[in-house]
Amino acid sequence: MSKISDLLQYIPVGERLGELFYANWMVVVSIGLLVEMEASMLSIVAVTIVAFSVNVVWGIIDGVTVMYGMVIGRIQRNDVIKRLHEGDASARADAKSYLEDTIVDSLDEDDMDIVIDLISKSKQVEDCGSRPLKSDIGYALGIIFLDSVMVIPLLLPLYLMPDYHNAVYTSHMISVVIFTIIGAAYARRLNRNIWKTAVIFAIMGTILATLVYQSGW
């Protein structure tokens, strides 16, 4: 468990919830393929491979692109700090744009200028070049883990229940429960009504799962 928590610490809670939402939906679509297939263990294995492949590939694409996006962002921020040290007036505007995405965004203009002055007088941070840091790699691995692990609870009914279509339906209902939990988690962190948001997510998940079940995606 400690290794898992080590991975997830690099991913903000909001991004974890968003990744689980998409991962859950992708598995629902993959399992929906079974509705139009002949009932057999071979079909279940085939859809299992599809579900894992889709989610793992998406996790790799999403994780790696965000990882290198972090590297690019760090290079650009370091360049702004360097320009601040050199007295480049245009660097102040760039610094403000980066600070808008941080905790100091709530400061007024004068206090924001004080922060930029402090940065301009600080020591130059070490140039990490284009190499991903441990936190960047941890983010990518954490995304791949979340996308992969989401497949498991939705696939279990297919292997544990003898009735083919009931297993698919049960899997979709599990996805609705997961959607509901994700909605409640969003609401709690956004200081919204947890029950109302959970119900909205449950209804949305039910509609999506039903569409997939009926259309045989």
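**Figure 1. Aromatic pairs.** Two rings of Phe, Tyr or Trp (its six-membered ring) count as a pair when their centres lie within 6.5 Å, and the pair is stacked if the planes are under 30 degrees apart, edge-to-face if over 60, and tilted for the rest. Searching the whole structure turns up four such aromatic pairs. In one of them, Phe21 and Tyr22 sit with ring centres 5.8 Å apart and planes at 90°, so this pair is edge-to-face. Phe21 also pairs with Phe201, again edge-to-face, at 6.2 Å centre to centre and 80° between the planes. Since Phe21 belongs to helix H2 and Phe201 to helix H9 (residues 194-215), this pair ties together parts that are 180 residues apart in sequence. Helices here are DSSP runs (H or I, at least four residues; strands are E, at least two), numbered from the N terminus. One aromatic cluster is made up of Phe21, Tyr22, Phe179, Tyr186 and Phe201. Phe201 counts as buried because its relative accessibility is 15%, where buried means under 20% relative accessible area, exposed over 50%, and partly exposed in between (1.4 Å probe, protein chains only).

A quick word on the model: it is predicted, so local features need pLDDT of at least 70 and side-chain atom pairs count only at pLDDT 80 or more, while totals for chains, interfaces and linings use all residues. Residues are numbered from 1 along each chain as its sequence is written, and side-chain values use heavy atoms, with hydrogens and water left out.

**Figure 2. The largest nonpolar core.** A nonpolar core is a set of buried Ala, Val, Leu, Ile, Met, Phe, Trp, Tyr and Cys residues joined through side-chain atoms within 4.5 Å. The largest one has 29 residues, and Ile31, Leu34, Leu158 and Ile182 touch the most other members. Helices H2 (13-31), H3 (41-85), H6 (134-149), H7 (151-160) and H8 (164-190) are the elements giving two or more residues to this core. Apart from it lies another core of nine residues, including Ala91, Leu99, Val104 and Met112. In soluble globular proteins, nonpolar side chains tend to be buried together. Zooming in on Leu158, and leaving aside neighbours within four places in sequence, its contacts (heavy atoms within 4.5 Å) are Ile31, Leu34, Ile44, Ala167 and Val168.

Figure 3. Asn24 is found in helix H2 and is buried, given its relative accessible area of 0%. Not counting residues up to four places away in sequence, Asn24 touches Met150, Leu154, Ser175, Ile178 and Phe179. Met26 is also placed in helix H2; its 18% relative accessibility makes it buried. With neighbours within four places in sequence left aside, Met26 is in contact with Val54, Asn55 and Trp58. Asn55, for its part, lies in helix H3 and counts as buried because its relative accessibility is 0%. Beyond four places in sequence, Asn55 touches Ala23, Met26, Val27, Asp147 and Val151.

Figure 4. Ala184 is a helix H8 residue, and it touches Ile194 and Ala198 once residues up to four places away in sequence are set aside. For Ala184 and Ser53, 131 residues apart along the chain, the C-alpha separation is 29 Å. Asn191 lies in the loop between H8 and H9. Its phi is near 60°, a positive value in a residue other than glycine. Asn191 counts as exposed because its relative accessibility is 72%.

**Figure 5. The largest pocket.** On a 1 Å grid over the protein atoms alone, a pocket is an open set of points with protein on both sides within 12 Å along at least five of seven lines, where a 1.4 Å probe fits; lining residues have an atom within 4 Å of a point. About 170 Å³ of space lies in the largest pocket, the volume being the space filled by probe spheres set on the points, which are joined across faces, edges and corners. Its lining consists of Arg77, Val80, Ile81, Leu84, Ala95, Tyr98, Leu99, Thr102 and Ile119. H3 and helix H4 (90-99) each supply at least two of the lining residues, and H3 gives the most, with four.
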